[in-house]
Amino acid sequence: MTKNLNQHIPQYCGSCWAHGALSALADRIKIASAGGVRGSVEINLSIQYILNCASDVAGSCHGGSATGTYEFIKKTGYVPYDTCQQYLACSSESEEGFCGSVDTTCSPLNTCR
């Protein structure tokens with residue numbers, strides 16, 4: 001199973017749809033690769049990447065859809081690990097906390113730092 005995350009840390013972000021979609025996908029990847037049998041390979045996909053790059057298809061901190069997340073990943077062909085792009089709990093229209101001070105555009109830097 002994937003690690004536990006709180007969608008509202010470090011601040012409020014209504015991204016449960018992205019958390020659920022990527023957690024389910026990570027579990028499927030781990031099962032398909034026999035990760036549970038061969039060892040404890042962690043598969044933790046970047047929720048922030050989805051918030052940065054899939055807002056037009058999937059959603060934002062103000063709601064979205066798991067099916068949009070899967071559609072976006074199918075179209076682009078990948079989603080990076082969360083070690084590449086940590087969860088900030090911000091999307092482009094977020095104004096909560098420090099969100100107004102961070103760049104959430106879909107750029108190479110915001111795909112993998």
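Hi everyone, let's start with Cys84, which is buried, with a relative accessible area of 17%. A quick reminder before we go on: this is a predicted model.

Cys84 has a disulfide partner, Cys112, with the two sulfurs 1.5 Å apart. That link is left-handed, at -85 degrees about the S-S bond. Both cysteines sit in the segment after α4, so the pair ties together parts that are 28 residues apart in sequence. Cys112 itself is partly exposed, with a relative accessible area of 38%.

How many disulfides does the structure hold? There are 4. Another one joins Cys53 to Cys106, S to S 2.2 Å. Here Cys53 belongs to helix α3 and Cys106 to the segment after α4, 53 residues apart. The torsion is about 100 degrees, so this disulfide is right-handed.

Then we have Cys13 and Cys61, whose sulfur atoms are 2.0 Å apart. Cys13 comes in the segment before α1 and Cys61 in the loop between β1 and β2, so this pair ties together parts 48 residues apart in sequence. Cys13 is buried at 0% relative accessible area, and Cys61 is buried as well, at 2%.

Now, please look at Gln7, also in the segment before α1. Its side chain reaches the backbone nitrogen of Cys16 at 2.6 Å, and the contacts of Gln7 include Cys13, His19 and Tyr87.

Finally, the core. The largest nonpolar core has 20 residues, and Leu22, Ile50, Leu51, Phe72 and Val79 have the most contacts inside it. Which helix gives the most to this core? That is α3, with 5 residues. As for Leu22, its contacts include Ile50 and Val79.

Notes. Residues are numbered from 1 along each chain as its sequence is written. This is a predicted model: local features need pLDDT of at least 70, side-chain atom pairs count only at pLDDT 80 or more; totals for chains, interfaces and linings use all residues. Side-chain values use heavy atoms; hydrogens and water are left out. A nonpolar core is a set of buried Ala, Val, Leu, Ile, Met, Phe, Trp, Tyr and Cys residues joined through side-chain atoms within 4.5 Å. Buried means under 20% relative accessible area, exposed over 50%, partly exposed in between (1.4 Å probe, protein chains only). Helices (H or I, at least four residues) and strands (E, at least two) are DSSP runs, numbered from the N terminus. Contact means heavy atoms within 4.5 Å. A polar contact is a pair of N or O atoms within 3.5 Å; within protein, one must be able to donate a hydrogen and the other to accept it, and residues adjacent in sequence count only if both atoms are side-chain atoms. A disulfide is a pair of cysteine sulfur atoms within 2.5 Å. Lists of a residue's contacts leave out its neighbours within four places in sequence.
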